[in-house]
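Student: I am new to this structure and would like to know what the words used for it rest on. Could we go through them together?

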Amino acid sequence: MSHSVVISGDSKGMLRGMPFNAMKNAVLGESYLLSVAIVNEEASQKLNRIYRGINTPTDILSFPLSEDEGEIVFNLKEARKEAKKFGRKFDNFLAFLFIHGLVHLKGLDHGKKMEQEEERIRKQFDI
């Protein structure tokens, strides 16, 4: 069964037009069920504190829920700040972050193998 990415909290439609579903399928496969939630600074900070022990807001968090289901949480305000730091346009940076989150959901941790996988997917989507 093929699943599309489900996005919640995108009240201004900022994520429309992004190839999230194609990227998800390229990294995790069509049968992977992925939801994307948009949260504010406070929620991002709380989740980051609870799950990572870091008491600051963050731009993205990935939560594997099972072998074939997960959730990515974006804080768009923090992502905008980070995009500027890296000299990237906002939509390009969101795609960059999304790929990073997908690769975490695939089970990879920071390191050379993860970087290689991210680079492969970024090239595929011209990110």
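Tutor: Gladly! H4 gives the most to the lining of the largest pocket, with six residues. This is a predicted model, where local features need pLDDT of at least 70 and side-chain atom pairs pLDDT 80 or more, while totals for chains, interfaces and linings use all residues. Residues are numbered from 1 along each chain as its sequence is written, and side-chain values use heavy atoms, without hydrogens and water.

Student: Why is the chain said to agree with a compact globule?

Tutor: The radius of gyration is taken over C-alpha atoms, and the globule rule is 2.2 Å times the number of residues to the power 0.38. For 127 residues a compact globule would come near 14 Å, and the chain has 14 Å, so the two agree.

Student: How many residues does the largest nonpolar core have?

Tutor: It has 31 residues, and Leu-34, Ile-72, Phe-74 and Phe-98 have the most contacts (heavy atoms within 4.5 Å) inside it. Such a core is a set of buried (under 20% relative accessible area, 1.4 Å probe, protein chains only) Ala, Val, Leu, Ile, Met, Phe, Trp, Tyr and Cys residues joined through side-chain atoms within 4.5 Å. H4 supplies the largest share of this core, 10 residues.

Key
Helix = DSSP H or I, 4+ residues; strand = E, 2+ residues; numbered from the N terminus. Buried < 20%, exposed > 50% of the residue type's maximum accessible area, 1.4 Å probe, protein only.
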